[in-house]
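I opened a notebook page for this structure. These entries follow what I looked up, one topic at a time.

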Amino acid sequence: MPRVLVLHMALVLGLAAPGCATAESRQAKPRPVMATVLSIGDGDTLRVRRNGSSLTVRLACIDAPELAQRPNGAQARAYLRKRLAIGTPVRLLVKSSDHNGRVVAEVIGAINLGLALVEDGEAFVSRRHVDQCDAAAYLAAEARARRRRRGVWQVPGGIDRPWQFRRSRDTKGS
């Protein structure tokens with residue numbers, strides 16, 4: 001991630017003062033950021049309030065079905081809404097930002113929400129980004145969901161992966 005973007009995210013999240021990023025602070029493990037849930041967008045996106053600012057957060061290391069992937073996309077969103085009521089305080093373990101400018105973070109309420117979504121078959125592990133999290137825990141949770149035929153795994157082999165669905169939809173529009 002470009003240094004300027006890292007510094008911008010740190011400033012927005014209130015983790016650093018302007019010009020205070022040192023080589024040591026960039027290497028240190030980021031501390032959790034406290035926020036409050038404002039809304040749930042879909043199965044892996046929410047809005048939070050932090051220091052009076054509203055931020056869009058994408059759950060790290062997972063990929064939930066798109067809302068257009070009926071009924072699984074709506075089920076993933078309903079699952080997240082059930083687990084994260086509006087006004088719930090959460091801890092964000094910020095990993096990066098994405099191409100849409102969203103903060104990418106593990107979201108911890110009473111539990112790690114991304115890990116719970118995977119464990120209950122409401123999302124897939126993002127193979128491209130799982131190295132940002134505890135990869136072994138996420139992959140083991142997905143294996144358990146597949147074995148137990150939960151959620152997206154009720155269909156043998158699982159449903160179309162969200163990244164495949166997005167790619168096929170993008171090529172149809174071209």
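With which side chain does the side chain of Glu119 make a polar contact? I found the side chain of Arg148, at 3.2 Å. A polar contact here is a pair of N or O atoms within 3.5 Å; within protein, one must be able to donate a hydrogen and the other to accept it, and residues adjacent in sequence count only if both atoms are side-chain atoms.

**Ground rules**

I noted that this is a predicted model: local features need pLDDT of at least 70, side-chain atom pairs count only at pLDDT 80 or more, and totals for chains, interfaces and linings use all residues. Residues are numbered from 1 along each chain as its sequence is written, and side-chain values use heavy atoms, with hydrogens and water left out.

**Entry: Glu119**

I placed Glu119 in helix H4. Helices (H or I, at least four residues) and strands (E, at least two) are DSSP runs, numbered from the N terminus. Glu119 has a relative accessible area of 17%, so I list this residue as buried. Buried means under 20% relative accessible area, exposed over 50%, and partly exposed in between (1.4 Å probe, protein chains only). I then looked up what Glu119 touches, not counting residues up to four places away in sequence: Ala141, Arg144, Ala145, Arg148 and Arg150. Contact means heavy atoms within 4.5 Å.

Next I turned to strand E6, residues 103–108. Six of its six residues are buried, so the rest of the structure largely encloses this strand. In a regular strand the side chains alternate between the two faces of the sheet. I checked the directions in E6: Val103, Ala105 and Val107 point one way, while Val104, Glu106 and Ile108 point the other way.

Which strands pair with E6, and in what sense? Strand E3 (residues 53–59) runs parallel to E6, joined by three bridges. Strand E5 (residues 89–97) is antiparallel to E6, over six bridges. Two strands pair if DSSP finds at least two bridges between them. I wrote down some partners. Val57 has Val103 as its bridge partner in E6. Val94 has Ala105. Leu92 stands opposite Val107.

E5 and E6 make a hairpin, with five residues between them. In the turn, Gly101 has a positive phi of about 80°.

Five of them close into a barrel, in the order E1-E2-E3-E6-E5, with mixed pairing. Neighbouring strands of this sheet are turned by 55° against each other on average, direction ignored. Axes are lines fitted to C-alpha atoms, for helices over the stretch in contact, and angles run from 0 to 180 degrees between N-to-C directions.

Helix H3 (residues 72–83) lies across strands E1 (33–42) and E2 (45–50). Its angle to E1 is about 145°.

**Entry: salt bridges**

How many salt bridges does a search of the whole structure find? I read 12. A salt bridge is a side-chain nitrogen of Lys or Arg within 4 Å of a carboxyl oxygen of Asp or Glu.

Glu66 and Arg166 form one, with the closest N and O atoms 2.6 Å apart. Glu66 sits in the loop between strand E4 (62–63) and H3, and Arg166 in helix H6 (residues 162–172), so the pair ties together parts that are 100 residues apart in sequence. Glu66 counts as buried at 18% relative accessibility. Arg166 counts as partly exposed at 24%. Both belong to a network of salt bridges that links Asp44, Arg58, Asp63, Glu66 and Arg166.

Asp120 and Arg83 also meet in a salt bridge, 3.6 Å from N to O. Asp120 lies in the loop between helix H4 (113–119) and strand E7 (124–125), and Arg83 in helix H3, 37 residues apart. Arg83 is partly exposed, at 40%.

Glu142 and Arg146 meet at 3.8 Å, N to O. They are four residues apart in helix H5 (residues 135–148), so about one helical turn separates them. Glu142 is buried at 2%. Arg146 is partly exposed at 39%.

**Entry: the disulfide**

My search of the whole structure gave one disulfide. A disulfide is a pair of cysteine sulfur atoms within 2.5 Å. Cys61 is joined to Cys133, S to S 2.0 Å. The link is right-handed, with 90° about the S-S bond. Cys61 lies in the loop between E3 and E4, and Cys133 in the loop between E7 and H5, so the pair ties together parts 72 residues apart in sequence. Both cysteines, Cys61 and Cys133, are buried.
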